[in-house]
Amino acid sequence: MNLLYNLGIFLTGIVLKIIALFNPKIKLGVEGRANTFKILKQSILPEDKTLWFHCASLGEYEQGLPVFKKLRVLYPNHKVVLSFFSPSGYEIRKNSEIADSVVYLPLDSKSKAKKFVDLVHPEITVFVKYDIWPNVLNELEKRHLKAFLISANFRPQQSYFKFYGEFMRQALKSFDHIFVQNESSKVLLDSIGITQTSVTGDTRFDRVSDQLNQDNNLPFINEFKQDALCVVIGSSWPEDEALLIPHINAHASENVKYIIAPHNIKPNLIADLKAQITAKTVLFSEKEDKNLSDYSVLIVDTIGLLTKIYAYADIAYVGGAMGKTGLHNILEPSVFGVPVIIGKNYQKFPEAHNMIAHGGVQSISSHSQLDSTLTQLIENENQRKQLGFLNTEFVKKNKDAVIQIINYIRK
């Protein structure tokens, strides 16, 4: 299996270079990985003490950030290396204040893994949720360098728990400790002989709770919303919008306003979205010199504002679960005491299961179901407040994973 894995990594490198000729996103990753060692040589000296944080993408970065911040305070004399695999993480957080050096993680060949660890030589390594790289972890273990996996979530379908998964199981065993989100993950790991585990929950609860301490004021949203009820549609995909647009066209008014923050903000997709909406609609990028209070729909064609925009929501729809791209973060609106609606494909997201059972999140699977659910929430203030309270209560009950993780690491 080891041989097959390394052959797969080699072939993946070739394939990515070919795809990069036609795909701008893949090209960013290929070119970025080519510069990783150069960046590290310039920013990390052999005598430096270092911490290394690795995230697959932006979501894992946000998930790990509360832990990263605490470790940065605990180890003020260490330099921090932050790595990403996906361009969607690196390109947005390449100037992150949490790190002294931000790089793409090279593909996990034995030679590149050795060179990466040689250059970074981290005293402590933290991986977030998944993105397990066996050769890198093997290098860390051989040198007795501590490595931790946080906010991990495991399912029986994963290769670790199959007859052919021994190679990946060994990679998990390289971690000094694995902090899992739930008891079922711990049971799965126990079943394959991995016992260096703790159930500490999901650090995203700590991350979103911290948002309540931030300044969430956005003057342009105040101007747009006025005294109207506001439905915020966050990280929507075309599958979500296909259900939402008919509702918006039927219900948008001066008393009920909609903010749409699509996941993909390419100009052609934004233009197509706007063209489908019959209500008076304005884009964030064209808001200057506009009387925003005159509009019923605001499309946010930029990134980085959604967490603050949720503070203005009376109702939130969180995208990703009507298609197969994956449900986006339902905790971000929930922390503000907002009832949340999601699509039908949430099976891989334990927080969605738990919050639906708790009552504050509702799943829909059709336009008629969406329309009736949204209309009921719009018309029933008491129900909105009750469901929103359930979400706030759930977030409060599940935070403090960071404290448990830090207390273990600093021992």
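Is Leu7 buried, exposed or partly exposed? Leu7 is partly exposed, with a relative accessible area of 44%; the term covers values between buried (under 20%) and exposed (over 50%), found with a 1.4 Å probe and protein chains only.

This is a predicted model, in which local features need pLDDT of at least 70 and side-chain atom pairs count only at pLDDT 80 or more, while totals for chains, interfaces and linings use all residues. Residues are numbered from 1 along each chain as its sequence is written, and side-chain values use heavy atoms, leaving out hydrogens and water.

**View 1. A nonpolar patch on the surface includes Leu7.** Leu7 lies in helix H1 (residues 2-19). Helices (H or I, at least four residues) and strands (E, at least two) are DSSP runs, numbered from the N terminus. Leu4, Leu7, Phe10, Leu11, Ile14, Ile18, Leu21 and Phe22 form the patch, with about 890 Å² of accessible area together. Patch residues have over 30% relative accessible area and no salt bridge; nonpolar side chains (Val, Leu, Ile, Met, Phe, Trp, Tyr) are joined within 5 Å, like charges within 9 Å. Areas come from the Shrake-Rupley method with a 1.4 Å probe; for residues, only the protein chains shown count as cover.

**View 2. Seven strands form an open, parallel sheet.** The order is E3-E2-E1-E4-E5-E6-E7. Strands E3 (101-104) and E7 (197-199) are the edges, each pairing on one side only. Pairing requires at least two DSSP bridges between two strands. The twist averages 20 degrees from one strand to the next. Helix H3 (residues 36-43) packs on the sheet, touching E2 (79-84) and E3. Contact means heavy atoms within 4.5 Å. The direction of H3 makes about 165 degrees with that of E3. Axes are lines fitted to C-alpha atoms, for helices over the stretch in contact; angles run from 0 to 180 degrees between N-to-C directions.

**View 3. Strands E4 and E5 pair in the parallel sense.** E4 spans residues 124-128 and E5 residues 146-152, with five bridges between them. Thr125 stands opposite Ala147 in E5.

**View 4. Arg143 forms salt bridges with Asp118 and Glu139.** A salt bridge puts a side-chain nitrogen of Lys or Arg within 4 Å of a carboxyl oxygen of Asp or Glu. The closest N and O atoms of Asp118 and Arg143 are 2.5 Å apart. This pair links distant parts of the chain, 25 residues apart. For Glu139 and Arg143, the N to O distance is 2.8 Å. Glu139 is buried at 8%. Shared partners join Lys114, Asp118, Glu139, Lys142 and Arg143 into one network.
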